[in-house]
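Please look over the chain shown below before reading on. The briefing that follows starts with one contact and then turns to the wider picture.

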Amino acid sequence: MAKTPAAKTPAAKTGGIHKPVTPSSDLAAIVGAEDQPRSAIVSKMWDYIKKNSLQDSKDKRQINADAKLEKIFGKKSVSMFEMNKHISTHVK
């Protein structure tokens, strides 16, 4: 009788985008002050953008910053592809 291999538990994801980071005070005003993975920060940023209707109506790839987001982005409008670059300067 052949033995079945033991079920493997998935390894905890702790590196890269899954590594918990600390948001700056400006970023924490949007996503919360607790340490969290970048993936969660990006998800919360999108929740905030959608909740406040900050995507450009003509080009959904553009994000029109309100006062809080302007502190993160440093300008009034960024593309969704630029957003992660700006977030990375606000985490440690």
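In this predicted model, a polar atom of the side chain of H90 lies 3.3 Å from the backbone oxygen of I72, and such a polar contact is a pair of N or O atoms within 3.5 Å, where within protein one must be able to donate a hydrogen and the other to accept it, and where residues adjacent in sequence count only if both atoms are side-chain atoms. H90 belongs to the segment after α4, and it counts as buried because its relative accessibility is 14%; buried means under 20% relative accessible area, exposed over 50%, and partly exposed in between, with a 1.4 Å probe and protein chains only.

As the model is predicted, local features need pLDDT of at least 70 and side-chain atom pairs count only at pLDDT 80 or more, while totals for chains, interfaces and linings use all residues. Residues are numbered from 1 along each chain as its sequence is written, and side-chain values use heavy atoms, with hydrogens and water left out.

- Not counting residues up to four places away in sequence, H90 touches T22, P23, S24, D26, L27, K71 and I72, where contact means heavy atoms within 4.5 Å.
- H86 is placed in helix α4, and at 13% relative accessibility H86 counts as buried.
- A polar atom of the side chain of H86 lies 3.4 Å from the backbone oxygen of F73.
- Leaving aside neighbours within four places in sequence, H86 is in contact with I72, F73, K75 and V78; the C-alpha atoms of H86 and I72, which are 14 residues apart along the chain, are separated by 6.4 Å.

**Helix α4**

- M83, H86 and I87 are the buried residues of α4, and they line one face of the helix because, seen down the axis of α4, they fall within an arc of 100°, the arc being that of the directions from the helix axis to the C-beta atoms.
- These buried residues of α4 pack against α1, α2, β3, α3 and β4 (77-79).
- On the face of α4 turned away from its buried side are the exposed residues F81 and K85.

**Overall layout**

- The chain has 4 helices and 4 strands, and from the N terminus on its elements run β-α-β-α-β-α-β-α; helices (H or I, at least four residues) and strands (E, at least two) are DSSP runs, numbered from the N terminus.
- Of the 92 residues of the chain, 29% count as buried.
- Among contacts between residues at least 6 apart in sequence, 30% join residues at least 24 apart.
- The accessible surface of the chain comes to about 6,400 Å², of which 55% belongs to carbon and sulfur atoms; such areas come from the Shrake-Rupley method with a 1.4 Å probe, and for residues only the protein chains shown count as cover.

**The nonpolar core**

- In the largest nonpolar core, which has 20 residues, M45, I63, L69, F73 and M83 touch the most other members; a nonpolar core is a set of buried Ala, Val, Leu, Ile, Met, Phe, Trp, Tyr and Cys residues joined through side-chain atoms within 4.5 Å.
- At least two residues of this core come from each of α1 (25-31), α2, α3 (67-73) and α4 (80-88), and α2 gives the most, with 6 residues.
- L69 touches I30, M45, Y48, I49, L54 and I63, not counting residues up to four places away in sequence.

**Exposed positions**

- S53 is found in the loop between α2 (38-51) and β3 (62-64), and S53 counts as exposed because its relative accessibility is 60%.
- Most residues other than glycine have a negative phi, whereas S53, although not a glycine, has a positive phi of about 50°.
- The C-alpha atoms of S53 and N64 are separated by 8.8 Å, with the two residues 11 apart along the chain.
- T14 lies in the segment before β1 (20-21) and, at 56% relative accessibility, counts as exposed.
- T14 and P37 are 23 residues apart in sequence and 8.6 Å apart in space, C-alpha to C-alpha.

**Confidence**

- The mean pLDDT of the chain is 90, and 86% of its residues reach 70 or more; pLDDT is the predictor's confidence in each residue, from 0 to 100.
- Where pLDDT is low, the predicted coordinates should not be read in detail.
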